[in-house]
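Me: I am new to this structure. Could you show me how to read it, feature by feature?

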Amino acid sequence: MGDANPFSEEFFEARRAELEGRVGPRRFQHSLGVADTAAALARVYGADEREARLAGLLHDWDKGYDDPGILARADEVGLTLSDELRSMPRVLHGLTAAAALRRDFPALPETVLAAVERHTLGEVAMGDLDMIVYIADALEPGRTGRTVEKLRKQMGKVPLRELFLEVYAYWVRLIMERRHPMYSRTTEIWNSYMPEQEVFRTMPGADTMPYGRP
Ligand SMILES: [Fe+2]
Ligand SMILES: [Fe+2]
């Protein structure tokens, strides 16, 4: 089972059924919405639709754990966590999911696992698939609100990196408004997408960014 073709319908349906038992009904519907939205974004932005759909389905694979449960899960899958991350159990499910899925389904491509891993905290210089899953998580049809509606209308109309930054900025604002702790690497991650930064200039597609060149 673990080495079955991860792009077969059988694999998708088996994981879908398994996911339904791992998370509550709302999270399950959300995951199906993210899978569909990620596939649609991949179509528009020229990424691999099958990878996007699969990563969307799997991104919240570990969202069903409570705080002590996710810390135990991190130990079980062999993650070494900083004290900071240990104090932020809500953001760990992407990291543990990627590690657990890599262990349990070794045929899953690293691109899919990376998108799962990065969907909560983001990362420096993310690839197209990473951004697509990150965006789909925020803009799938079950998400509501004025900002979400506005951002949803921009899908396919602005470059992928611009849409990603809009969503990233939206999440950062939400974290502050809700008085949640801010991940210490948020500034580093944000800055890596700014044209002034060296890492930005080396990213593929950097010239499609709308706001000026370094
Ligand atoms: Fe998540
Ligand atoms: Fe999610």
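Me: What should I know before I start?

Reply: This is a predicted model, where local features need pLDDT of at least 70, side-chain atom pairs count only at pLDDT 80 or more, and totals for chains, interfaces and linings use all residues. Residues are numbered from 1 along each chain as its sequence is written, chains are lettered from A and ligands numbered from 1 in the order in which they are written, and side-chain values use heavy atoms, with hydrogens and water left out.

Me: How many helices and strands does the protein chain have?

Reply: Helices (H or I, at least four residues) and strands (E, at least two) are DSSP runs, numbered from the N terminus. Here the protein chain has 12 helices and 0 strands.

Me: What share of the residues is buried?

Reply: Buried means under 20% relative accessible area, exposed over 50%, and partly exposed in between (1.4 Å probe, protein chains only). Of the 214 residues in the protein chain, 47% are buried. The chain exposes about 10500 Å². Carbon and sulfur atoms supply 51% of that area. Such areas come from the Shrake-Rupley method with a 1.4 Å probe; for residues, only the protein chains shown count as cover.

Me: How do I read contacts?

Reply: A contact means heavy atoms within 4.5 Å. Take contacts between residues at least 6 apart in sequence: 60% of them join residues at least 24 apart.

Me: Which residues are the protein donors of the iron ion (ligand 2)?

Reply: They are His30 (NE2), His59 (NE2), Asp60 (OD) and Asp137 (OD), lying 2.2 to 2.3 Å from the ion. Aspartate 60 coordinates both iron ions, which are 3.5 Å apart.

Me: How is the geometry of that site judged?

Reply: Four donors count as tetrahedral if all angles lie between 85 and 135 degrees; four count as square planar and six as octahedral if opposite donors are over 155 degrees apart and all others between 65 and 115; anything else is irregular. The 4 donor atoms of ligand 2 make angles of 80 to 174°, and the site is irregular. Histidine 30 lies in helix H2 and histidine 59 in the loop between H3 and H4, so the pair ties together parts 29 residues apart in sequence. Both histidines are buried.

Me: Is threonine 37 buried or exposed?

Reply: Threonine 37 is buried, with a relative accessible area of 8%. Threonine 37 belongs to helix H2 (residues 25-45). Leaving out residues up to four places away in sequence, threonine 37 touches Ala136, Leu139, Glu140, Pro141 and Met155.

Me: What covers the buried residues of H10?

Reply: The cover includes H2, H8, helix H9 (146-153) and helix H11 (186-191). Among the buried residues of H10 are Leu160, Phe164 and Tyr168.

Methods. Donors = N, O, S within 2.8 Å, 3.2 Å for Na, K, Ca; no water.
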